[in-house]
Every structure is written in C-alpha cells, then in structure tokens.
Amino acid sequence: MFKHFVLSMSLLTLVACSNMKVAQLDTATGRFPTKVQATVVKSEAVNLDTMNSLLLLPDHDFIKGQIGSINYFQKMITLEDLETLIIQNDLTDKVPSVRDKIGINKAYKAYKPFLWLRFDTREQDGKKYGQFIITKPDTLEDIFIVEQHLDYVWAGVNDQNTWYPLFNAIVDYIDKNSKTWSPQQPRS
C-alpha cells in the first residue's frame, strides 16, 4: 500500500512539473518559475559587464534557451562553434584543440575573451549534485558555482525542482555583478 502511494505521488509530481521546457523570466520577479533555491557554492564579485560579450556554453538546446532568456550575454557559442571560429580565423597553430582546459585557455588568448559556462556533477554521501560553473578561461578560475541535489526518487529532477533554481542562481549572480542588466529591459 505504501509503495503504491509513493509511486503515485512520484508520478503526480513528475506530471505536474515540466521537464526541460525553456521558460521566460517572470515579468514581476525577474526569475524563472520555482519556489526552490539552489545552493551557491562559490560567488566571486566581478564586473560582469566587461565579460558579457561572449559566453561559451554546453551544446544543449535547453541550456542555450534558458541562458538566452536571461538576455544578458551578447553572443553565445558552443565548443563546436568555437572550433569553427578558430579555423575560420586561421588560429589552429595557436589552438590545436578546445576539448580541454588548456585548449579553452589558448582559445581565450588567441581568439577573443569569453566566459565559460559548463555543467558538471559531483557526489557526496551517496547523493548526486548537478552544478553550473562559470569560469574565466584566462586564469581558469571558477568565479561562480551553484549546485542542486539531483533527487531522482522523491522530488524529481525537473524544471521546478532542479533546473530553474540553478538558472535563477545565475540570474542572481548577474543581477549582483552587473550594472547594465535588468530583467525588464530586453538587450538590443
């Protein structure tokens, strides 16, 4: 009986929450729709306005859509895009690969400055956590790390419990470290 109850509640939770649906920022709050907060592991104060011209991010439509909805970075590219730009700008002698941290650092120096957003996971005490990490490729310093427990059993890994809280933490970081960003004003 208890097993059926838990299964029914889990299915209800999964059905009630969307899964990887690109959302727009709420016009009233300037955040994505969730009541859950992610855990900020690291948050270095920087002037993001001097670093928002280009963002290297994972090649995933949901991540690209969510970051695009924030409307802060002037241009977003994937690793494949960066490789193409390296080739088009005849920089392959200086940057033979962008598939590791050394290559990302070389691309930053040879091509143009950018920030690097990546997704990673870590495990602790039998629990798995999803992390978004923003790195400055010139020094490979992680300036922002946010994480959320990937709770596949009880709360579910979905937009409201996992992804929107992570993206809201990025929005909060931009809001705190930018003088030009506003959720109410679209970037031209």
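This is a predicted model: local features need pLDDT of at least 70, side-chain atom pairs count only at pLDDT 80 or more; totals for chains, interfaces and linings use all residues.
Residues are numbered from 1 along each chain as its sequence is written, and side-chain values use heavy atoms, with hydrogens and water left out.

**Stop 1: the sheet.** Show the strands (DSSP runs of E, at least two residues, numbered from the N terminus, as are helices, which are runs of H or I with at least four). Six of them make an open sheet, ordered S1-S6-S5-S4-S2-S3, with mixed pairing. S1 and S3 (76-77) sit at the edges with a single partner strand each, so one side of each has no neighbour in the sheet. Pairing here takes at least two DSSP bridges between two strands.

**Stop 2: strand S5.** Select 127-136. Seven of the 10 residues in S5 are buried, so the rest of the structure largely encloses this strand; buried is under 20% relative accessible area, exposed is over 50% and partly exposed is in between, using a 1.4 Å probe and protein chains only.

Look for Gln124 opposite Lys127, and for Arg122 with its bridge partner Tyr129. The two strands form a hairpin with two residues between them, and Asp125 in the turn has a positive phi of about 50 degrees.

On to S6 (141-149), antiparallel to S5 over eight bridges. Thr135 faces Asp142 here. This hairpin has four residues between its strands, with Leu140 in the turn at a positive phi of about 60 degrees.

**Stop 3: helix H5.** Select 159-177. H5 is mostly covered, with 15 of its 19 residues buried. Centre on Pro165 to find a kink of about 30 degrees, the bend being the angle between axes fitted to the seven residues ending at a residue and the seven starting there.

**Stop 4: the largest pocket.** Zoom in on Gln37, Val40, Asn168, Ala169 and Asp172, the closest to the pocket's centre of its 14 lining residues. A pocket is an open set of points on a 1 Å grid over the protein atoms alone, with protein on both sides within 12 Å along at least five of seven lines; lining residues have an atom within 4 Å of a point. Which helix supplies the largest share of the lining? H5 does, with six residues.

Key
On a 1 Å grid over the protein atoms alone, a cavity is a set of points where a 1.4 Å probe fits but cannot get out, and a pocket is an open set with protein on both sides within 12 Å along at least five of seven lines; lining residues have an atom within 4 Å of a point.
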